[in-house]
Amino acid sequence: MEKNPKRILALLLRVLALGAAVSATIVMATSHERANFFTASFEAEYSDTPAFKYFVIVNAVVSAYSLIALFVPWGSLLRRLLVTLDLLVTMLLTSSISAALAIAQVGKKGNSHAGWLPICGQVPKYCDHVTGALAAGFAAVIIYTILLMFSVHSVLNDLLN
Amino acid sequence: MALQNGGKTEGEHESVPFSKPKGRWLLLTVRIVAFLATASATIVMALNKETKTLVVATIGSTPITLTLTAKFQHTPAFVFFVIANANASFHNLLMILVEICGNKLDYKGLRLVLVAVFDMMAVVLASAGDGAATFMAELGKRGNSHARWNKICDKFDSYCDRGGWALIASYIGLSLLTLISALSMIRLMKPKPANQPTTIP
């Protein structure tokens, strides 16, 4: 069948997206650092910020969805549903990465107008860890956008031919 | 390939004028409401500014005042929110104009596909703007005790209120945009004519 390379590509994209989402979840969930200076101890964890919690939850959901979507049979009606679900999932992913980036930017640069000091000076390893998770999340967003276009194209090809 | 389907000829191969498919007015109405929602979110957030003068100390009988301003430009998340919503409302406006005035605009049936793709992109962009602004607003409202960031909404309550209204309008716009995107995709998926060989993908 001449459709095979397209199917393989779609499958490959979904596996990549699964990998990116899983790594984003795990890296963010394991970010934790405790810093001691003088008598004050400063502990930074991903659950301190609701934005990072949202990021972990969304990426976990997306990983589960990607795993299930790998096994949907081709040509069934579920494939059409997959396009809608792909759009929803891309939407969730972009909002989660955007929220996490917003809070991470405040953490790194602070906000002098609001009197918020940056925290990356005190917990640099936590900041690097979070940066890695955000990079994985961003990769997941990009791959899912490509996958969404791909799903729409493949469903359209079935209908316009 | 002779297209025999009756109401929904969509100009696939020739220059068949883009005749009115079902649900065209529904889509147009939803697009207009979504445009109003995203445009109002942009405008409300862009004009969001509050100045407060606090008396810090009193020397003798002259009070020393400190003027603090809260503007949306102070926060990159809100700047992104304004930009994303401005883009979404511009997209809505463009699609409304194309819908109303561009009946003859078609290129080998690609018009519906392009509209659907652009709708999806607008949904993604609007959701990113909303996500960033929501969590930044939550941070401003509740602060973060772990990072020792104080909340600012108790001092700048009308700034926070207006920001909240802009967020609500933007969420309405986002849900309508998802609806529009779903409707555009449904429009693409017209039923297959009966005399076509079923291609098993």
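## Polar contacts between the chains

Across the interface of chain B and chain A, eight residue pairs are in polar contact, with both partners at pLDDT 80 or more. Keep in mind as you look that this is a predicted model. On the chain B side, three helices each supply at least two residues of the side that touches chain A: H2 (76-101), H3 (110-142) and H4 (157-188). Of these, H3(B) gives the largest share, with 15 residues.

What kinds of residues does chain B bring to the side that touches chain A? By class, there are 21 nonpolar, twelve polar and five charged residues.

## Extent of the interface

Now for the interface as a whole. Contact involves 38 residues of chain B and 39 residues of chain A. The area buried between the two chains is about 3500 Å², and carbon and sulfur atoms give 73% of that area.

How many salt bridges are there between chain B and chain A? The count is zero, although the side of chain B that touches chain A does include five charged residues.

## Transmembrane regions in the record

An unreviewed UniProt entry lists residues 25-47, 78-98, 110-129 and 165-186 of chain B under "transmembrane region". Two of these spans can be compared with the model here.

Residues 78-98 of chain B are 100% helix and 0% strand, and their end C-alpha atoms lie 30 Å apart. For residues 165-186 of chain B, the end C-alpha atoms lie 32 Å apart, and this span too is 100% helix with 0% strand.

Methods. Residues are numbered from 1 along each chain as its sequence is written. Chains are lettered from A and ligands numbered from 1 in the order in which they are written. This is a predicted model: local features need pLDDT of at least 70, side-chain atom pairs count only at pLDDT 80 or more; totals for chains, interfaces and linings use all residues. Side-chain values use heavy atoms; hydrogens and water are left out. Contact means heavy atoms within 4.5 Å. Buried area is the accessible area (1.4 Å probe) that two parts lose on being put together, summed over both. A salt bridge is a side-chain nitrogen of Lys or Arg within 4 Å of a carboxyl oxygen of Asp or Glu. A polar contact is a pair of N or O atoms within 3.5 Å; within protein, one must be able to donate a hydrogen and the other to accept it, and residues adjacent in sequence count only if both atoms are side-chain atoms. Helices (H or I, at least four residues) and strands (E, at least two) are DSSP runs, numbered from the N terminus. Ala, Val, Leu, Ile, Met, Phe, Trp, Tyr, Cys and Pro count as nonpolar, Asp, Glu, Lys and Arg as charged, and the others, Gly among them, as polar. UniProt positions are given in the numbering used here, feature names are shortened, and annotations may be inferred rather than shown by experiment.
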